[in-house]
Amino acid sequence: MTTFTTLNPHRYFDPEPTQRKIASELYEAIATLPLICPHGHVDPRLLADENFSLGSPADLLIIPDHYVTRMLYSQGVRLESLGAPRGDGGDVEKDHRKIWQTFAENFFLFRGTPTGMWLNDELVSVFGVSEPLNGKTAQAIYDHIAKQLTTPEFRPRKLFERFNIEVLCTTDTASDPLDSHQAIRSSNWKAKVLPTFRPDAVVNLEAFNWRENIAALSQESKIEIKDYKSFIAALENRRAYFKQLGASATDHAALTAYTHELTDQEAKTIFARALKGHTAGDDAARFTAHILMQMARMSVEDGLVMQLHVGSFRNHNDILFDRFGSDKGGDIPVATEYTRNLHALLNKFGNDPRLTLILFTLDETTYSRELAPLAGHYPAIKLGPPWWFFDSFNGMKRYFDRVIETAGIYNTAGFNDDTRAFPSIPARHDVWRRASADWLAGLVARHIIGKDEAKEMARDMAYSLAKKTYKL
Amino acid sequence: MTTFTTLNPHRYFDPEPTQRKIASELYEAIATLPLICPHGHVDPRLLADENFSLGSPADLLIIPDHYVTRMLYSQGVRLESLGAPRGDGGDVEKDHRKIWQTFAENFFLFRGTPTGMWLNDELVSVFGVSEPLNGKTAQAIYDHIAKQLTTPEFRPRKLFERFNIEVLCTTDTASDPLDSHQAIRSSNWKAKVLPTFRPDAVVNLEAFNWRENIAALSQESKIEIKDYKSFIAALENRRAYFKQLGASATDHAALTAYTHELTDQEAKTIFARALKGHTAGDDAARFTAHILMQMARMSVEDGLVMQLHVGSFRNHNDILFDRFGSDKGGDIPVATEYTRNLHALLNKFGNDPRLTLILFTLDETTYSRELAPLAGHYPAIKLGPPWWFFDSFNGMKRYFDRVIETAGIYNTAGFNDDTRAFPSIPARHDVWRRASADWLAGLVARHIIGKDEAKEMARDMAYSLAKKTYKL
Amino acid sequence: MTTFTTLNPHRYFDPEPTQRKIASELYEAIATLPLICPHGHVDPRLLADENFSLGSPADLLIIPDHYVTRMLYSQGVRLESLGAPRGDGGDVEKDHRKIWQTFAENFFLFRGTPTGMWLNDELVSVFGVSEPLNGKTAQAIYDHIAKQLTTPEFRPRKLFERFNIEVLCTTDTASDPLDSHQAIRSSNWKAKVLPTFRPDAVVNLEAFNWRENIAALSQESKIEIKDYKSFIAALENRRAYFKQLGASATDHAALTAYTHELTDQEAKTIFARALKGHTAGDDAARFTAHILMQMARMSVEDGLVMQLHVGSFRNHNDILFDRFGSDKGGDIPVATEYTRNLHALLNKFGNDPRLTLILFTLDETTYSRELAPLAGHYPAIKLGPPWWFFDSFNGMKRYFDRVIETAGIYNTAGFNDDTRAFPSIPARHDVWRRASADWLAGLVARHIIGKDEAKEMARDMAYSLAKKTYKL
């Protein structure tokens, strides 16, 4: 039952001694480089208040983490028993020790999974836990973590420093006033925490509460959105505001990568219909396709790096969504197409040296078929690291295998942790750094590159590529 | 020419000594566990008669095995020369020694294939053959096997016991009277041989001889099928009958995974049209989609585990199908979609703890993109093992690589051999057990899990998961 | 910075000592076998004139090689600065030393890519360069290569002999008079250089300058193409001419693998419309689908091996295409389907022992899902080696992994280099031979096949399969 092992210094490396030795040497040189976190979902409120408390072990490690709760749910553990808040305010488990016990008894489910690897690393490296986590050890470990979480060393700002984070970008809706970011900037804490402009909630005409989102955008931008033109003006206004607060990038999520430029009249008509509450047919898909073109145009003008995440069928489980809302593990990928869908955008902006467009996928078949050939040709395109389900040791191996021969490493954007689980940040970067070192060691051991070259590449992959691509 | 090597005790394991040693240790502990065979196509008549003879070596190993004949056919060997019976009763080779000679001369074609690995294992382990099989050794090996097949030790029931099969599930059409299963039950042979309810021939309105199949279903169920309502009643009747004879599961094959609930009126109208011999447009596809919903509903009620196999374009080779019928190697996979297609079924039954839905695929791209995320979320879903072309050493490696990080092993259904080739059963389980041990050894050697955890997982993968998922 | 290492004799082999030793032994036995080059794009003019000069190092290794220029372009190097000729005759860099310098300074971009591996091998093996290539060494290496290129030993015919090429097939349009091939034949140089019939420019109704291409076909065939019937006659005429000059194969490129037989009347109508300059709707796609059926029919009759390359979205980058024309790296793959698309062709000709149809893909998902099952069944089908982006060490590993278990090696067509970069031919074959030896060594080390079998297979993969499949 023991779950899991202690942290071996050679963990994740290939067992073949020659490769392992090289991997180890490459890794040692990059293990303690500062962390560049150009894309993620940490709530900036954690860092706005120097006394912010991370709560109980269950608050921190279980309740908000859909990577954890989805796996337990798939094995018959009800979300209520994990303390997930219900939309209707219905009863859920309030005893965090019980929640922790349920989690610990089921921790064996995470054997061989990245979530298991991260949690194991966090328990040992962040909290100094020395025993495996299971039903028997659950309460003692709870006590151990809970006690530490009350100490000043476990305030988020202290952890930020301990984690050696050089820069952390959050993700913020277009209408976000960025109060937390203002607070961080005006405090005497000199860390680099930057917002990222994510306008999905106003761009996607079918977004939940779209008209309320538009109203909020009007309010924050102080531009009354009454038509397509004022909508575009409000977006430009907010981009400028985000940029002023240090933003270096935008982020866009869509079901597909479809891009298409509407005529001004078409855009106006569709937007007017939406404002009246009537979207018709494929209005939303076409409008998203059009706004992606607009966003690329604005990026060319203001220099914000553009990120595009596509291919997730959100809230697939209606029953769960109705009861608990989004981000509960019910987002399931679909087959995705880039070559034809990005044709319009790339033909207009793909050759422009001012644009950086970072692509992410949930369909690994596109790595070798579409994304690497696109990134190995268009100056504007860079490939983001393996995303979501593929942010894992084997996911990274597949990514290196399928992407690098065609695109090279210099058309990739390095790593980002993409997480809302703040204490998992170092563990996630560590998996990437070890996976990179192991992959490069394989190239050296096969005499495809030399060790000096591998050292440069390891540093680029761990640190420089993310910094450069995101202009940080 | 030599084809193949003798059976090395470390076969299939990674050559790296550390990993090989761990794999070997993990394998030793599971190598002789009883075999759980929850899905397959062994003809129950073999086991109904204690004196059943397996025939000649060609009867047993070549003529009925489309894994073997398709490969020879692809290299220009005519099926007639392999003794495949023609639908029109035309002449085919009757001399089983000649058939065996042709096979032996072409056995080199199977180098590096699972069929080659299974056959080699069977020759050595089941029949004690000690020489490689090729044109020169063909007749001596034929003699050797033929002689054994006449002995009592080679009656199927004896082999069943020698193979250490704990339970074997067959696959039976909805209208099957299950006489062989009755005979096994009423004999004094106490083996566990169970039927599986497979209604494709009556559910698919475009099935060959559909109306005759419906008539047979009427007869066996003693419910006159005159409309949709009586059709459903007849299906429920037969499920109950199968269950009474020990069935624990149903099995469904379809071209796609499309599920959709028709209104009662739509279902009635389509079924009535079909009974009159006029299916129109997409009637068959829509009706299959609807019946899958009905089957899930019945599974919730009667507890039968539901299996879904999709993605095979059956009888792609019209000429061969017209001459020899189905199952001659002419079934070719197509790209498959689960996320959208299963949406209706999962939203109605996917959260219900009473349903177990086991999914199989012929499109490996769906492993990491759709199936693992679905299984890692919905309580009802479990993933079946690599199917058909992917029931192979590398197919298993890809499956572990792409599925487990997202779904964990506990959302998989262990192994099943899915075979009609009775003497290949131990060899197929052995490939799985060795592949599992090797994969787990890789995790241990990389310090991702501990050896004690790997031991538990190896046993679960070899034995417990199949038993538990299929409620055996 | 050093880019790259010297050529280690064990390069590309698995670092595990047991596997490496076997790989090395297998490789040694095939390393110096003659090269069979059944498909490629070397310009036959190089070989028609015994004094042909390969030009400067930039002429030879950079300017015409879109594998090289696309990668530099993706990182912001303008094609003009690489000397790529502009369609409008605009200024481009003329100083080949400057072009070489730019290339050398960016050579690190090719780390871990096949282009890097080939170039490194060429520099060392063909030109005897002993230093890594980078900005500092650029000019000295330029001098070294330039000097050699002026010597008689570096005339293409001498290199052809030094490379130990047994046969080289070029690719020639249907209307090509094959003057260079005539010149080679009538010279006293006895090398085997053969044409390949590639009629895309007249078959694809949407081809650039289609009507001019038809006119050229009329002229060369001496058959006035005034309707569909005379078009077919002209194609048959040219196939006969190519065959007379030694051709053993045809080659066809299409966006999809769609095959479909039009009625004679439909074919006539569509062709007549095209001659008048009006193609309507899906005329071009349907006509290509029909002509592929015709080409299979002709292959059955004249014995020419049929090659089909599908799945490339050509000239995706309109701006670059307008400025520089095609083959500049702007061809991006799309998802591809074979099972349904080839149904018509295979049902008519797939069982015919006179047809050999070699399939190539840019969608690796089709390897295990469609292509291996098709090749493992239909006598006519053979699989071509990994194509284009996948002609790489890892691309080959994926191909072996996903294809061979289902199709065996004997349903593959061995290797072809598919290159227009003449001096890269030995390096490309060497990657294949090393990758094959390494893969076979893995099978031996895992005790799946014996070493004697692996030796036969290594020779087949390096030499015999290509020769046999292409009837050379």
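The model is a predicted one, in which local features need pLDDT of at least 70 and side-chain atom pairs count only at pLDDT 80 or more, while totals for chains, interfaces and linings use all residues. Residues are numbered from 1 along each chain as its sequence is written, and chains are lettered from A and ligands numbered from 1 in the order in which they are written.

Turning to the interface, 40 residues of chain B are in contact with 43 residues of chain A (contact means C-beta atoms, placed from the backbone, within 7 Å). On the chain B side, H17(B) gives the most, with seven residues (helices are DSSP runs of H or I, at least four residues, numbered from the N terminus). Only 5% of the interface residues of chain B are also interface residues in chain C, so the copies meet through different surfaces.

Within chain A, the domain assignment (automatic or from a database) gives domain 1 (17-52 + 155-469) and domain 2 (54-154). Their centres, taken over C-alpha atoms, are 27 Å apart. The contact between them takes 22 residues from domain 1 and 22 residues from domain 2. H19(A) supplies the largest share of the domain 1 side, five residues.

Technical notes:
Contact = placed C-beta atoms within 7 Å. Helix = DSSP H or I, 4+ residues; strand = E, 2+ residues; numbered from the N terminus.
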